[in-house]
Amino acid sequence: MLIKNEVETAVSMLQAIFTKHQKGEMNFMEAKKLSADLLRELRYGNEGYFWADTTDGVNVVLYGRKDVEGKSRIDEKDQNGTFFIREFLSTAKAGGGYVEYWFPKKGKSIAQPKRSYVLLFKPFGWVVGSGYNPVKD
């Protein structure tokens, strides 16, 4: 439940920025850049972070990994063959929800079970998510 609330809060922050654009306080590209910068730095708890991908699977933000930003992740799959980015996109487009897959923790190389919550932010065409490892290491 925590990650769902965190993602909903992050999306509400994006909405606040988009509203400033709608009021003419910034242009659309400025609103998207400010939103990406916010998500890149936003944290909760000890290890909580956010990411965003476009509805086409191109990464916008992934915990500050500039090497991934701007690249398509649509064909990424975990060790079990789950195309988790595609799962994120379809789940978010269907109204948001949880996705289970395997992914390494930040700074690690060995994949672990992960459960994420994803939600679509329609004005930017972004799927915003956060996750946790249900198994403690």
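Which residues is Phe-50 in contact with, leaving aside its neighbours within four places in sequence? Point 4 comes back to this.

1. A word on the model: it is predicted, with local features needing pLDDT of at least 70 and side-chain atom pairs pLDDT 80 or more, while totals for chains, interfaces and linings use all residues. Residues are numbered from 1 along each chain as its sequence is written, and side-chain values use heavy atoms, without hydrogens and water.

2. Start with the open sheet, where five strands follow the order β2-β1-β5-β4-β3 with antiparallel pairing (strands are DSSP runs of E, at least two residues, and helices runs of H or I, at least four, numbered from the N terminus; a pair needs at least two DSSP bridges). Because β2 (59–62) and β3 (97–104) at the edges each have a single partner strand, one side of each has no neighbour in the sheet.

3. Next, look at β3 and β4 (residues 111–121), which pair over eight bridges. Trp-102 has Pro-113 in β4 as its bridge partner.

4. As for Phe-50, its contacts (heavy atoms within 4.5 Å) are Glu-6, Val-7, Ala-10, Leu-39, Leu-42, Tyr-44, Val-61, Tyr-63, Gly-129 and Ser-130.
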